[in-house]
Amino acid sequence: MDLAGAVDRERLLHTFLELVAVDSPTGHEEAVGELLERRFADLGCTVTRDQVGNLVAVLPGTREGTILVATHMDTAGTDRGIVPVVGPDGVVRTDGSTILGADDKSGIAGCLELLTVLRQTPGVLHPTLELLVTVGEESGLVGSRALDVSRLQATHGFVLDTAGAMGSITYWSPTSVYLTITFHGRKAHAGVEPEKGVSAVRAAAQGVAAMPLGRIDSETVANIGTVHGGEARNVVPDTVVLEGMARSHDQGKLDRQLDAMRRACQEAADATGATVDVVADEIYRTYRIEEDARPYREAARAIASVGLPVTPRKSGGGTDGNLLNAKGIPCVALPTGMVDEHATSEHIAIDDMVLAAQVLVVIATQDPDPRDVR
């Protein structure tokens, strides 16, 4: 049964605006978590929360099988008091002072619309739905990292948390490594005896200048994002900490990039008389879902059924899907319509939210592919 037409535009918009009105910057998801517990329970789900605050809502199926739909409840940065503005062009923006939070409250709104459509259509066949809403996604996939997947029964899943053209399927995501680089110099009075000091700032600057940064090739990027150090303008700084990252879809290229960054730092330290420590933490690992894999096939069938072209998408970012794939639940990521996420220019077209919800409804209610029926 194709229930895409049952998605209600105004109801979906109302739900989205309701969610946006609840502040939930990373680390402060309590209020929106409580709201979602109530909403999911009212829509017939059994709801549990784990030790870090991840929420799992389970709607029993009316046919065999279990699928996972993943979203996250936190928003990027520290913005509160978000004021959404629905424009005459059918696009939701803010007043320009904050992000919108479509990342990922548009995904959550789609899940709630799916449950509402199913509730209003008695007898429709669908697999058991496990709806995962994580915490701390924006600060390094904290919730999905702590998630105990043994609690889940899903054989595969879909992550509603990407940008990109409607109809795209994110099938390939990179490995991401966070770098913390600490240069150690020697403190001295910069006005009286600077020659006795070793400037950690100078060493760090030479290291950054020598690093390959930005877009390295079609699969690899690197960045130094923050610099901290020093204590006063008249003191030769003895410590500087750089925070950065490197990502690649190719592990060999990533290893070479990390080696180049380490080498640049060490050579800069040696040249200035400083020392350096480089700590590299893998935040998430690459995944690639082939077109004949079940989550890709089911998403593609649903996308085509609502009249959209299916577009494979290779992403430069990560989602909870990286860790779900690593933990044994193959997932693809799907767009919700969000644009310019994490920026004050973030916006989303209501029509795109409707399309995303329609795709989700069809995924949940379409007839199984014969090759998946045992």
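## The loop residue His342

In this predicted model, His342 is found in the loop between strand E19 (338-339) and strand E20 (347-349). Its phi is positive, at about 80°, although His342 is not a glycine. Most residues other than glycine have a negative phi. His342 is partly exposed because its relative accessible area of 45% falls between the limits of 20% and 50%.

## The largest pocket

His342 is also among the residues closest to the centre of the largest pocket, together with Glu138, Arg247, Tyr284 and Gly318. This pocket has a volume of about 680 Å³, and 31 residues line it.

Several strands give two or more residues to the lining: E7 (156-162), E8 (168-173), E9 (175-184), E12 (220-229), E14 (239-248) and E15 (275-284). Strand E14 gives the most, with four residues. By residue class, the lining comprises ten nonpolar, 13 polar and eight charged residues.

## Further backbone features

Leu141 likewise has a positive phi, near 60°, and is a residue other than glycine. Leu141 lies in the loop between strand E6 (128-134) and helix H4 (142-146). With a relative accessible area of 3%, Leu141 is under the 20% limit and therefore counts as buried.

Most peptide bonds are trans. The bond from Asp103 to Asp104, however, is cis, with omega near 10°. Asp104 is placed in helix H3, which covers residues 102-119.

How values were computed:
Residues are numbered from 1 along each chain as its sequence is written. This is a predicted model: local features need pLDDT of at least 70, side-chain atom pairs count only at pLDDT 80 or more; totals for chains, interfaces and linings use all residues. Side-chain values use heavy atoms; hydrogens and water are left out. On a 1 Å grid over the protein atoms alone, a cavity is a set of points where a 1.4 Å probe fits but cannot get out, and a pocket is an open set with protein on both sides within 12 Å along at least five of seven lines; lining residues have an atom within 4 Å of a point. Grid points are joined across faces, edges and corners, and a volume is the space filled by probe spheres set on the points. Ala, Val, Leu, Ile, Met, Phe, Trp, Tyr, Cys and Pro count as nonpolar, Asp, Glu, Lys and Arg as charged, and the others, Gly among them, as polar. Buried means under 20% relative accessible area, exposed over 50%, partly exposed in between (1.4 Å probe, protein chains only).
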